[in-house]
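Here are my notes on this one, point by point. Have the model open while you read.

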Amino acid sequence: MQIVANIVFLSTFYVSFAVGLALVFGVMRTINFAHGEFYMLGGYSLWLLFGLLSGTMPDGATFIIALVVAAGVVGTLGILVQLSIFHRLREQPFSIFMATLGLSYVLQVVVVKAIGPMGQSVPAVFPGFVFFEGMILPIQRLVVFGFTVVMMGGLYLFLMHTDLGRAVRATAQNRTGAMLQGISMNHIALTTMFVGSALAALSGVLMGSVLIISPFMGGEALWRAFIIIIVGGIGSLSGAVVAAFLFGIIDTLMTTFGAGKFAPMVDAMIMLLVLSFLPSGLLGARE
Amino acid sequence: MRNIQGIPRLALSAIAGAAVLGMAVTATTETVSAQETLVVGAIQPQAGDCGQWGIPITRGVQIWADQLNAEGGLLAGDGKRYMIELKAYDNVCYIPGEELKAGRRAILDDGIKFMLQTFTPGSRQAIAQMTTDNHVLTTSYGAGYLSGDHPYLLGGITGSPAAYMLIASRALTANPDVKRAAIITADTSFGLAAKAYFEAGIAAHPDQAEIVYNESYSPDATKDMLGLLTPLMASEPDMICQLGFVPAQLAIMIETVEQLGFKGVYCAEGFTMPQILKRVTAEALAGRMYSGYAFEASEPTFSEKGHQLYKTYVEEWGADQWTPYVPIGYAAFGTIEAGIRLSPSIDSEVVMKTLLGTESVDHPIFGPSKWGGEEIYGANNHLLTPLPIYNLGADGNLVLDHVVDHAAWWAANMDVALPILDAGGQVYR
Amino acid sequence: MMLETRDLTVKYDLISALSEVSISAEERTITTIVGSNGAGKTTLLKTISGLIRPASGEIRFLGDRIDTASPSAIVRMGISQVPEGRELFPRISVYDNLMVGAYLRRDKKAIRRDLEQIYQHFPILKDRRRQLARNLSGGEQQMLAFGRALMSDPKLLLLDEPSIGLAPVIEQKIMETISVLAMEHNVGVVLVEQNAALALSVASHGYVLEQGSLVLQGPANELIKDDNVRAAYLGL
């Protein structure tokens, strides 16, 4: 039963990280290589606010403040990236690739210089365990799980039940069609980058409360997220969720049965198989 | 050179490339330039998760160079003083292939003759032939791999992996009631070395303790600490010996097993206390944490000179950036320092022969130490420096618990330990 | 005059796609532009909608210059297009497609009323409102494209080849609907068609475009009798 709990925890992490990248890619057809560093900045927001506010208010309140601050700050950073990189370099995918890759290095170095290369961890805001049906469930993990579900629910409501969200989905499916309905591409791009970057930051705060916060935490997460959105179907959020669970299951089982070191290789092979036989991914558009 | 740390690999390559161009102009067969500067190298991860080890280690070496330079340079056996300049080379994460690339840049491109590398056996083997062919005296914070065919590879201090054996043994000696030992290590080259040495150290106490858990994990699995630790705790250990977690992970591991009710002792190469004490109180852990690697510079009594390293580091980088890894490269370069002081020439071949020909090397931190390693490596190229072992005081500071005489311990326990190291693939003779 | 282009020239790279095209369109009227494939008809509509910038000339809508306005501003002013190939949003529902058409509007009551009207015109869209747009038949998709364009409550409707790929019976039905819509909704219609006979049969005024230039214009019932038009476009 512990395996089930571990699968759920790992999969929700994959979901929370990958979904922002999938959203940005789906709408803008460009990859933000600094997405991993946006996630890292979310982690450091939590760490810094803990250092700043610890003792002045309950840790739970600090945790909530960190979520709000990280989403706002990093979302704004996403808007700046849209204005300074994506908009100026549109139609030049290679330049965008180099520019965002450069930004990811810059952000890493800035954090190394300002804070240090050492990984940090934040004390559990909600310490302790729940023992249930033979499972050991750390309360902090349950809280993170709960917040991830709320975050995904919020994204779902935004995309499915608001005019702006509907316009974002329409733009992802057909830019020309969207422009002819009076949807401003700049407006959608800014919205998407804000939401996608804020999601990365929220994921960083949530996972920063259970994992190590380090300047380099974004790199590996980004690689995993690529595999997830490719297998899920580029641009498909539901595909990303399905693929996140698929890899959550595979990675957890392989770790549990002592083959964890082969997990990255197996994951990459699955990606290659999907690319060969289902080029549009599990739930991707087949146009 | 200080700001080289943390610059990503691309930038480092660019710097290395620029250095090559610079070398091309002034290249001579001599290592020493007209300014009497000695360029030394350190191959360590400079980014990524392993940068959490590599960057503090590199910073420690830089402070070693700064201290010597502040004295007007290292006074060599040839009567001259040499300013030390450090160049860092990234090996990504102690990966043998990357070690080889970094070694090529250091040795073939930059003409480095004295350098530091990891003890990781695979990485040492990767560049062994290159160090021999190019006469590059290569120290490390431990032995890991040595060979009579490769006399330029030195085990600069007791260090890794020998220390693991001595720590586990010391923890058992100091805690006669500990009976059930758990070993958890990374499944990397250095992790597998640690596993064998922990086993050997525990095997030296056959009447006291048994190993109840002994598993390697993939570093990728550390995302889910709980999945990793539940089977370990199910074996009901009263000692946990660990290697491979980065400092913050180790803090989470300790917090997790404490919450799951662990009351026994920990053994590890080092504990990054600023991280751990954020999660668990010093009172709860006092007296239960055994560690030793080179020396713990935050502890003032073992070495006054070494404690200066701590003060300098904390002044520059902050107390919460301190880790037990800072002193290890510093201490390993101390062996080369001792060799250069003794040698009539700073030619690396002469330094190597002088150093290995000296029966008792006066190490700047550990004092007189003898060579050993024959039984494991087939060559007496490992300087068996005394190993200070630390425990945690109730005030949260590390305190000196005991200094192990490595050579004496080995003489007493070799018969039991050697077959276990052999079975673990750690004997290279 | 509702819509007027004056000496409109559009270039792709250096090649002229339109040269000095001047047309006008009135409200409650269907104005058609006929011409063979590649004559520049689609380019003209895209330029009016702001998707392509003209090299020279001007476009006025209700007296205001719109040739430098953004596509979004042009929709806001009341010009809506049913583009060539329909450009629907394939993986969202029929209802959502229609509601995207009303993206710029905030008058919720009026939006509901217009939606009901569109459902009355095209009952099949109401029946299938929860289905994904890509699961509709070609004729249904064309209805959806109309409906979506009408959801912006336009003053002027630009229609690019609405009959293409449809069976003749449905073609006829679409044209009738266009006539009714122009009258009922009080909108002006600019209808671009390759099927000149069909277009000229419903339009009141027509232009003939050849290789980017206007070659003929006049009342539709006169053009349909013109010998050149009959020879070139009606196959008679």
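**Notes on the domains, interfaces and core**

1. Starting with chain C: the C-alpha centres of its domain 1 and domain 2 lie 23 Å apart. The assignment gives domain 1 as 1-78 + 154-236 and domain 2 as 87-153, with bounds that come from an automatic or database domain assignment. This is a predicted model: local features need pLDDT of at least 70, side-chain atom pairs count only at pLDDT 80 or more, and totals for chains, interfaces and linings use all residues. Residues are numbered from 1 along each chain as its sequence is written, and chains are lettered from A and ligands numbered from 1 in the order in which they are written.

2. Between those two domains of chain C, 11 residues of domain 1 are in contact with 9 residues of domain 2 (contact: C-beta atoms, placed from the backbone, within 7 Å). On the domain 1 side, α2 (71-77) and α7 (168-184) of chain C each supply at least two residues; helices here are DSSP runs of H or I, at least four residues, numbered from the N terminus. The largest share of that side, 3 residues, comes from α7(C).

3. Now chains A and B: 32 residues of chain B are in contact with 33 of chain A. On the chain B side, α2 (51-70), α7 (225-234) and α8 (247-259) each supply at least two residues, and α8(B) gives the most, with 6.

4. For chains A and C, 17 residues of chain A are in contact with 22 residues of chain C. From chain A, α6 (163-173) and α7 (175-180) each put in at least two residues, the largest share being the 6 residues from α6(A).

5. Within chain A, have a look at helices α5 (139-161) and α8 (185-208), which pack at an angle of about 170° with axes 10 Å apart. That makes α5(A) roughly antiparallel to α8(A) (the label is for angles over 145 degrees, taken between N-to-C directions on a scale from 0 to 180 degrees, with axes fitted to C-alpha atoms over the stretch in contact). V144(A), F147(A), T148(A), M151(A) and L155(A) of α5(A) meet L199(A), L202(A) and L206(A) of α8(A).

6. Last, the largest nonpolar core has 299 residues, and A18(A), A201(A) and I228(A) have the most contacts inside it. Such a core is a set of buried Ala, Val, Leu, Ile, Met, Phe, Trp, Tyr and Cys residues joined through C-beta atoms within 7 Å, buried being 20 or more other C-beta atoms within 10 Å of a residue's own. Helix α1 (residues 2-28) of chain A gives the most to this core, with 17 residues.

Methods:
Buried ≥ 20, exposed ≤ 12 C-beta atoms within 10 Å, placed from the backbone. Parallel < 35°, antiparallel > 145°, perpendicular 65-115°, else oblique.
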